[in-house]
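Here are my notes for a first look at this one. Have the viewer open while you go through the points.

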Amino acid sequence: MNSTSIGWLVCTFSSLAGASELEVLCTDWKDYCNPDGSGIYFDIVDTIYRPSYSEIKKRVLPYKRSIFSAQQGHADIILGSYNNEIKNMLYPNNPDAYDAIYLLTNRQNAPAATLHDISLKNKSLLLLKNNQEYINLIPFNAHLYFASNFENAQQLLKINRYDYLILEEDNLPEKYSSNIVALYYRSILTYPAFPDTPEGRKNRARWDQQLPQLRDNGQLQQIYLRYGRGSDYATLLTLY
């Protein structure tokens with residue numbers, strides 16, 4: 001076999017094995033993006049893109065670092081972003097999951113009825129420093145403070161220094177003060193974000209082609225069930 005034939009076989013094999021690496025970033029989120037590379041988000045990416053890439057690199061980073069890395073061209077996908085949240089990134093039509101947002105407040109300040117009574121306008125709001133991904137939920141006319149940890153935030157709520165602490169459902173503590181109450185606020189769909197490049201546009205199109213198929217053939221539900229998140233999947237279907 002001559003060198004030309006060998007070169008052709010090597011190129012063909014490389015093409016079949018996958019063209020390149022896919023760099024995927026996500027914030028640490030139990031059962032969705034685990035530091036060991038497992039999780040619902042990562043499994044969805046594996047299912048959709050594994051046939052097209054020789055390697056899928058998964059990194060768990062703080063949300064702001066993920067955004068910075070992607071905008072510097074160092075990532076191919078950011079998982080768990082709100083639709084059109086990140087400038088100059090591409091978003092598909094199909095979401096990957098959702099965030100259930102809760103507000104913790106002093107019991108005496110809790111609205112009497114439902115979430116429709118809750119407005120964040122002109123309120124004094126708390127975010128934990130490691131939850132900065134929720135900053136886009138803050139109205140421009142609200143007052144925002146970053147608490148160093150939950151205990152610090154809870155003390156500020158107990159003395160009515162601030163109105164609400166914003167937390168995602170999975171971040172709600174198992175125990176908190178008896179005069180603090182958690183109120184469901186809203187659910188927000190989350191999406192993968194892709195760089196605005198030819199490769200990014202190709203990957204976005206592949207997501208929108210494959211995700212509905214995974215939903216229709218039951219694979220998406222099986223991924224959620226693998227991590228004991230069947231109720232999350234049922235809720236996701238109601239939000240489409």
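1. Start at N160, which sits in the loop between α4 (150-158) and β8 (164-168). Helices (H or I, at least four residues) and strands (E, at least two) are DSSP runs, numbered from the N terminus. N160 isn't a glycine, yet its phi is positive, about 60°. N160 is partly exposed at 34% relative accessible area (buried is under 20%, exposed over 50%, partly exposed in between; 1.4 Å probe, protein chains only).

2. A word on the source: this is a predicted model, where local features need pLDDT of at least 70 and side-chain atom pairs count only at pLDDT 80 or more, while totals for chains, interfaces and linings use all residues. Residues are numbered from 1 along each chain as its sequence is written, and side-chain values use heavy atoms, leaving out hydrogens and water.

3. How does the confidence look? The protein averages a pLDDT of 87, and 90% of the residues score at least 70 (pLDDT is the predictor's confidence in each residue, from 0 to 100). Over residues 1-18, though, pLDDT stays under 50.

4. Now look at N88, in the loop between β3 (77-82) and β4 (89-90). Is N88 buried or exposed? N88 is exposed, with a relative accessible area of 70%. Its phi is positive too, near 65°, and N88 is not a glycine. Most residues other than glycine have a negative phi.

Definitions and conventions: Contact = heavy atoms within 4.5 Å.
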